[in-house]
Amino acid sequence: MLEYAKSGEGVMAKPKITICMGSSCFARGNEKTVEACESFLAARGLEDEVDVDLGASLCTGNCAEGPIVVVDGKTYKHVDPLVMRDILNAVFPEKG
Ligand code: FES
């Protein structure tokens, strides 16, 4: 079971992943990053425990550094599917 809480709120909150689907990030490959994210979450059984936001967050003005992914307010630049998997592995380490 994923354990996660935002500090200071005392309330369990789902981690939030925002994948920019603005035209620049989309053209630079964020569609593939969405697929990588979805397959990672499915493989770990985390689909219902993470809030994945697509499309609602169109261009954030960081197009030149895209594709952009934001995880819990932290912005990641130049994200491709391999980088996405690294980010997700860091945020959701495999429990041994
Ligand atoms: S399209 Fe993603 S930051 Fe502009």
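Me: In which loop is Pro67 found?

Reply: This is a predicted model, in which local features need pLDDT of at least 70 and side-chain atom pairs count only at pLDDT 80 or more, while totals for chains, interfaces and linings use all residues. Residues are numbered from 1 along each chain as its sequence is written. Helices (H or I, at least four residues) and strands (E, at least two) are DSSP runs, numbered from the N terminus. The peptide bond that leads from Gly66 to Pro67 is cis, with omega near 0°, and Pro67 itself is found in the loop between strand S2 (51-54) and strand S3 (69-71).

Me: Is Lys77 buried or exposed?

Reply: Lys77 is found in the loop between strand S4 (74-76) and helix H2 (81-91). A residue is buried if 20 or more other C-beta atoms lie within 10 Å of its own, exposed if 12 or fewer, and partly exposed in between, with C-beta atoms placed from the backbone. Because Lys77 has 12 C-beta neighbours inside 10 Å, this residue counts as exposed.

Me: Leaving aside its neighbours within four places in sequence, which residues is Lys77 in contact with?

Reply: Lys77 and Glu65 are 12 residues apart in sequence, and their C-alpha atoms are 5.5 Å apart in space. Two residues are in contact if their C-beta atoms, placed from the backbone, lie within 7 Å. With its neighbours within four places in sequence left aside, Lys77 is in contact with Asn62, Glu65, Gly66 and Ile68.

Me: Which value does phi take in His78, although it is not a glycine?

Reply: His78 is found in the loop between S4 and H2, and it counts as exposed because it has 11 C-beta neighbours inside 10 Å. Although His78 is not a glycine, its phi is positive, at about 55°.

Me: Why does Asp72 count as partly exposed?

Reply: Asp72 has its place in the loop between S3 and S4, and its phi, near 50°, is a positive value in a residue other than glycine. Asp72 counts as partly exposed because the number of its C-beta neighbours inside 10 Å is 14.

Me: At roughly what angle do the axes of helix H1 and H2 cross?

Reply: Lys32, Thr33, Ala36, Cys37 and Phe40 in H1 meet Pro81, Met84, Arg85 and Leu88 in H2. Axes are lines fitted to C-alpha atoms, for helices over the stretch in contact, and angles run from 0 to 180 degrees between N-to-C directions. The axes of H1 (residues 23-44) and H2 come within 8 Å, and they cross at roughly 35°.
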